[in-house]
Amino acid sequence: MAAPQRIALVTGGAGGIGAETCRQLARAGHRVLAADLPLAPERQARFDAEMAGHDVAFLPMDVTDEAGCAAAIASARASHGEVDVLVNAAGITRDATLRNMSREQWDQVMSVNLDSAFVLCKLLAEGMAARGFGRIVNISSVNGQTGQFGQTNYAAAKAGLHGFTMALARELARKGVTVNTVSPGYIRTPMTDAMPEAAREQVLAMVPAGRIGEPADVARAVVFLCGDDAGYLTGVNLPVNGGLFISF
Ligand code: NAP
């Protein structure tokens with residue numbers, strides 16, 4: 001019997017990694033909701049053109065607004081049905097050394113990168129468990145594994161996602177819901193385009209694969225973990241970093 005069509009919600013779905021994940025999930029047969037901050041008209045037009053021919057609908061959502069997330073999910077449920085797959089890919093950086101970091105920079109990064117996983121999982125995981133199927137993938141970072149100069153906020157949030165993932169994986173394992181993280185290394189997206197050229201070159205020199213990663217490299221790993229046939233993989237962190245950080 002063919003697997004039912006799954007509905008997937010991707011936060012940060014208009015970003016570099018998020019948009020490619022939406023496309024690949026749609027190609028894999030999912031109906032996809034790309035949840036992101038409302039887009040300016042020309043970015044919305046670009047996004048629509050990129051998604052043409054794919055089963056991807058844009059869902060305006062600010063992941064730092066808990067009530068707004070609940071309302072967006074309620075409207076998505078009414079139009080598309082229950083969400084079976086959640087990819088938490090919304091993320092920001094606000095880099096500064098600890099000495100120069102403001103409380104606001106700390107709080108913003110925690111809110112978008114870590115608290116959002118709590119908010120979205122609270123809204124969606126219970127329904128997945130009740131229906132006996134769910135896939136949750138949290139997009140972390142190699143910098144959550146190794147730390148990075150000027151990123152105490154970002155590294156703490158991304159490392160926190162690993163702990164969150166491992167704990168929630170245990171809570172949901174018997175319910176058919178898997179919870180995993182994917183940890184990208186350096187991937188060509190607007191986030192890394194914003195890095196100073198010298199810093200980007202320095203990092204690239206350390207990547208054994210000898211190239212920057214592409215959003216497709218990360219999306220491939222996410223789609224794999226979201227498959228109906230990936231039910232025995234839970235609490236896992238899957239690094240996609242070209243060998244930048246190798247461990248077991
Ligand atoms: P990106 O292109 O900047 O995508 C991030 C997306 O999240 C953007 O569309 C952004 O919208 C959206 N976003 C920001 N704040 C939001 C909010 N409050 N509510 C909803 N959406 C919000 O960056 P990316 O590189 O694709 O990053 C995707 C994920 O991968 C992030 O979690 C990032 O930390 C992680 N990651 C990236 C790399 C890398 O090398 N690129 C490496 C490791 C981990 P705006 O554009 O409007 O701000």
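How much of the chain over residues 6-190 is helix and how much is strand? The legends below start from that stretch of this predicted model.

**View 1. The stretch that UniProt lists as "domain: Ketoreductase".** The UniProt record, an unreviewed entry, gives residues 6-190 for this feature. Over these residues the chain is 51% helix and 18% strand.

**View 2. Helix α1 against helix α2.** Helix α1 covers residues 16-27 and helix α2 covers residues 41-51. Their axes lie 10 Å apart, and the packing angle is about 30 degrees. Angles under 35 degrees count as roughly parallel, and α1 and α2 are therefore roughly parallel to each other. The crossing of the two helices is right-handed. On the α1 side the contact is made by Ala-19, Cys-22 and Arg-23, which meet Phe-47, Glu-50 and Met-51 of α2. By class, four of the residues in this contact are nonpolar, none is polar and two are charged.

**View 3. Helix α1 against helix α9.** Helix α9 is made up of residues 215-226. The axes of α1 and α9 come within 8 Å and cross at roughly 50 degrees. That angle makes α1 oblique to α9. The crossing is right-handed. From α1, the residues in contact are Gly-16, Ile-17, Glu-20, Thr-21, Gln-24 and Leu-25. From α9, they are Pro-215, Ala-216, Val-218, Ala-219, Arg-220, Val-222, Val-223 and Cys-226. The contact of α1 with α9 divides into nine nonpolar, three polar and two charged residues.

**View 4. Glu-20, a residue of helix α1.** Is Glu-20 buried or exposed? Glu-20 has a relative accessible area of 12%. Buried means under 20%, so Glu-20 is buried. Apart from neighbours within four places in sequence, Glu-20 is in contact with Arg-27, Pro-215, Ala-216 and Ala-219. Pro-215, Ala-216 and Ala-219 are also among the α9 residues in the contact of α1 with α9.

**View 5. Cys-226 in helix α9.** Cys-226 has 0% relative accessibility and therefore counts as buried. Leaving out neighbours within four places in sequence, Cys-226 is in contact with Leu-25, His-30, Val-85, Val-87, Arg-135 and Val-137. Among these, Leu-25 is one of the α1 residues in the contact with α9.

**View 6. Helix α3 against helix α4.** Helix α3 runs over residues 66-80 and helix α4 over residues 103-131. The axes are 10 Å apart and the helices pack at an angle of about 35 degrees. The crossing of α3 and α4 is right-handed. Glu-66, Cys-69, Ala-70 and Ile-73 of α3 meet Val-119, Leu-120, Leu-123 and Leu-124 of α4. Seven residues in this contact are nonpolar, none is polar and one is charged.

**View 7. His-162 in helix α6.** Helix α6 covers residues 152-172. With a relative accessible area of 13%, His-162 is buried. Which residues does His-162 touch, not counting those up to four places away in sequence? They are Ser-140, Ser-141, Gln-145, Thr-181, Ser-183 and Asn-237.

Technical notes. Residues are numbered from 1 along each chain as its sequence is written. This is a predicted model: local features need pLDDT of at least 70, side-chain atom pairs count only at pLDDT 80 or more; totals for chains, interfaces and linings use all residues. Side-chain values use heavy atoms; hydrogens and water are left out. Axes are lines fitted to C-alpha atoms, for helices over the stretch in contact, and angles run from 0 to 180 degrees between N-to-C directions. Helices (H or I, at least four residues) and strands (E, at least two) are DSSP runs, numbered from the N terminus. Angles under 35 degrees count as roughly parallel, over 145 as roughly antiparallel, 65 to 115 as roughly perpendicular and the rest as oblique. A crossing is left-handed if the near helix is turned anticlockwise from the far one by less than a right angle, and right-handed if clockwise. Contact means heavy atoms within 4.5 Å. Ala, Val, Leu, Ile, Met, Phe, Trp, Tyr, Cys and Pro count as nonpolar, Asp, Glu, Lys and Arg as charged, and the others, Gly among them, as polar. Buried means under 20% relative accessible area, exposed over 50%, partly exposed in between (1.4 Å probe, protein chains only). UniProt positions are given in the numbering used here, feature names are shortened, and annotations may be inferred rather than shown by experiment.
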